[in-house]
Every structure is written in C-alpha cells, then in structure tokens.
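Hi everyone, thanks for making time this morning. Let me put the model up on the screen and we'll walk through a few spots together.

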Amino acid sequence: MWIFGYGSIVWKPDFRYINRMEGHVKGFIRRFWQLSEDHRGLPGKPGRVVTLISTGNPLDCVYGAAYEISNEDEASVRHVLDVREKDGYTIIETSFYPNDNDQKERNCYTYMAQQDNPFWGGDAPIDQIAKQIAEAHGPSGSNREYLFKLADAIRLLTSVNDEHLFTLDQLVKEILTKDEQNIISI
Ligand code: BEZ
C-alpha cells in the first residue's frame, strides 16, 4: 500500500514505512482551506491546514511524497491515518507519479477534506488566510511552523511553483517581520 502525503506527512511521517518517493498527483491543487482546532489551532481560534481540491484538470499537479507501507504495518498505519478522518478528511485513491522517471506511476491512498465537513474553512482573501496562519497555535505547534516546513520541503522536491503555498509563506514572513519591527519601536 502507498500513502501520498502533501501536508505534514511530507516532512514528518508519523508511521513506519519501507520506501519513500517524491512526486505528484494530478487533477488537484493544494489549498489551506481546512480549519484545524486540534493540531495547529484551538477551538475559537482555528489555524488552517492543507487539503487537496479536485479540479479535474490533469495539468494541475500537487507535489509531495508517497510512502510504501508493508503488509504487516498496513492495518496499524491505516488506523493512525484514519484518526485524521475525524478531523474532516476522507480517504481517496488516485495515481501517483514519481519524480524518478525510472519509476512507473502507481496507485496510492491520500486524504482530502470534503466541503461539508465541520472544519471546512474554504476560500478567503489570501491576506486573511496569511493573518490567520500567523496568529494560530495549537497542541502540535504553531500554524506558521506547519506552513514554513511544508514550503521548505516542497521547494526541496520540485522546482514547480506552488503559488498558493509560496505566496502564503512569503506573506506570513512579512507579517512576522512587521510585528517584530513594531515591538522594537515600542
Ligand atoms: C498530509 O500530511 O499529507 C495530510 C495528512 C492528513 C490529511 C491530509 C493531508
């Protein structure tokens, strides 16, 4: 079984795996449209985490990492990942295309938030999403750390521009720099 990660799983897989491959899935875009009240935010002050949005356009690609899970570990890893279903994600099956051209495409499982889940945040002006991420903290750490680590990890595995992700990375860094300057000038 292969699991494709495009969020924290890219830089912090919290399960055992036997093989890791970098690459992409097609027909989706990555958006910070899912709210997080239990990992990167708190109830009443949610953070934002990524989900896949289906576009139906095969030219749209989301880069990340796929992990091969041994038969022996499949049930326990599915259990770890199914906990994420409680956060509003649903498991889907799609094709994964490895960066390594010597490797063929393969079937993978991944997670996608549905618009009717209770933690759906949806689209919002990009400045507003950046502000929300800059301000949110939760039990798994700050929302900004999640964003920065994801942006760094994606930059390392592709030169393809993920505009939504990299714009947010830049906007949140600008907000934090302004905040720091304000503190220094007080
Ligand atoms: C991820 O890290 O790739 C991920 C995990 C759970 C839901 C969606 C994405």
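So, where does Asn101 lie? Asn101 sits in the loop between β6 and β7 (106-113); helices here are DSSP runs of H or I with at least four residues, strands are E runs of at least two, and both are numbered from the N terminus. Asn101 is exposed, at a relative accessible area of 75% (exposed is over 50%, buried under 20%, partly exposed in between, using a 1.4 Å probe and protein chains only). Its C-alpha atom is separated by 20 Å from that of Tyr6, 95 residues apart along the chain.

A quick word on the source: this is a predicted model, where local features need pLDDT of at least 70 and side-chain atom pairs count only at pLDDT 80 or more, while totals for chains, interfaces and linings use all residues. Residues are numbered from 1 along each chain as its sequence is written, and side-chain values use heavy atoms, leaving out hydrogens and water.

Now the strands, which pair if DSSP finds at least two bridges between them. Strand β2 (residues 19-26) runs antiparallel to β5 (residues 61-68), joined by eight bridges, and Val25 stands opposite Val62 there. β2 also pairs with β6 (residues 89-98), again antiparallel, over three bridges, with Gly23 opposite Pro98.

Last, the helices: α3 (residues 126-135) packs on α5 (residues 163-185) at about 60 degrees, axes 9 Å apart (axes are lines fitted to C-alpha atoms over the stretch in contact, and angles run from 0 to 180 degrees between N-to-C directions). Among the residues that meet are Ile129 in α3 and Leu171 in α5, contact being heavy atoms within 4.5 Å.
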